[in-house]
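Subject: The structure I promised you

Hi,

Here is the structure I said I would pass on. Have it open while you read, and my notes will follow below it.

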Amino acid sequence: MDKIPILKLGSFLLVTIQVDLYDRLALNLEADLVQMVNKTNAKGVLIDISAVSIVDSFMGRIFGNIASMCKILDAETVVVGMQPAVAITLIELGLPLAGVHTALDIDKGMNLLSSKIEKDLSDEDEPDDEDQ
Amino acid sequence: MITLSKDSMKIVKDQDVVPFRARVKECAVKVKMGLVNQTKLITAASELVRNMLKYARGGETLIEIINQGRDNGIRLTFKDNGPGIADIPLAMKDGYSTGKSLGLGLPGAKRLVNEFNITSVVDKGTTVVIVKWANG
């Protein structure tokens, strides 16, 4: 059974999809990723799809699901590296990937995640916080 | 319209979609289709193959390279012996699905190709034929 590796990188999880996705594989990734977020307490998930030449409605929905599930587990998701042809196709297909954050490359995705997490932390800042 | 090459492939399981997409891509490259059109064609094909697997437990696909005048293109046929579609106009509507999906498969696939033809007989099966021209 194929499996897409999930790497832990500090408080983030990094997934680089380098194979052609089929439905079962995408579903497994969804389940594995959500479990990993829970297990590692990750604050952010980066999904690199720069090697993915096709995103159809099913895979688009999986990305949306991953983002929503991770959000409930208090982790942000950023999809990075989408090929221009894939972006054009997704919009014509009618799937604007609402609710999924995107960035051009991994660097920018990391920055986006860091800034989101910092913002969350400062929002939650309270004067009577124990470790302050 | 002249058919330059013909190739059929059976789709019975999830993973079959990977070699199928690769084969379609090969043909698209052969007719010098641009990357955006290739991506649109393969995405549409992926949607239609999924429908076949989901509603009819698979079926048969036909990949053809066709020529009309100065245009070359790819014609894909998806034929299944599934339950068929009773109301095709309804099935072609955005957001309609009898399964638990987004209901984008058929209408989305139609938007991505140049020609789209669907015929269906209830309890007999569904056939979808799509054409994408290299410069379309």
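Helix 3 of chain A passes helix 2 of chain B in a right-handed crossing; a crossing is right-handed if the near helix is turned clockwise from the far one by less than a right angle, and left-handed if anticlockwise. Before going on, please note that this is a predicted model, in which local features need pLDDT of at least 70 and side-chain atom pairs count only at pLDDT 80 or more, while totals for chains, interfaces and linings use all residues. Residues are numbered from 1 along each chain as its sequence is written, and chains are lettered from A and ligands numbered from 1 in the order in which they are written.

Back to that helix pair. Two packed helices are described by the angle between their axes and the distance between the axes. Here the angle is about 50 degrees and the axes are 9 Å apart (axes are lines fitted to C-alpha atoms, for helices over the stretch in contact, and angles run from 0 to 180 degrees between N-to-C directions). Helix 3 of chain A and helix 2 of chain B are therefore oblique to each other; under 35 degrees would count as roughly parallel, over 145 as roughly antiparallel, 65 to 115 as roughly perpendicular, and the rest is oblique. Among the residues that meet are A85(A) and I88(A) on one side and V36(B) and T39(B) on the other. Contact means C-beta atoms, placed from the backbone, within 7 Å. Helices (H or I, at least four residues) and strands (E, at least two) are DSSP runs, numbered from the N terminus.

The whole contact takes 22 residues from chain B and 18 residues from chain A. On the chain B side, helix 2 gives the most, with nine residues.

Inside chain B, the axes of helix 1 and helix 2 come within 10 Å and cross at roughly 150 degrees. That makes helix 1 of chain B roughly antiparallel to helix 2 of chain B. Residues making this contact include F20(B) and V24(B) of helix 1 and L41(B) and V49(B) of helix 2.

Which residues touch the most other members of the largest nonpolar core? They are V45(A), L46(A), I47(A), V24(B) and V49(B), in a core of 64 residues. Such a core is a set of buried Ala, Val, Leu, Ile, Met, Phe, Trp, Tyr and Cys residues joined through C-beta atoms within 7 Å. Buried means that 20 or more other C-beta atoms lie within 10 Å of a residue's own, exposed 12 or fewer, and partly exposed in between. Beyond its neighbours within four places in sequence, L46(A) is in contact with residues including F12(A), V78(A) and L113(A).

As for chain A itself, it has four helices and five strands, in the order β-β-α-β-α-β-α-β-α from the N terminus. Of its 132 residues, 35% count as buried.

Finally, look at two loop residues. D74(A) has a positive phi of about 65 degrees although it is not a glycine, and its place is the loop between helix 2 and strand 4 of chain A. D74(A) counts as exposed because it has 12 C-beta neighbours inside 10 Å. D123(B), also not a glycine, has a positive phi of about 70 degrees, and D123(B) lies in the loop between strand 4 and strand 5 of chain B.

Happy exploring!

Conventions: Two residues are in contact if their C-beta atoms, placed from the backbone, lie within 7 Å.
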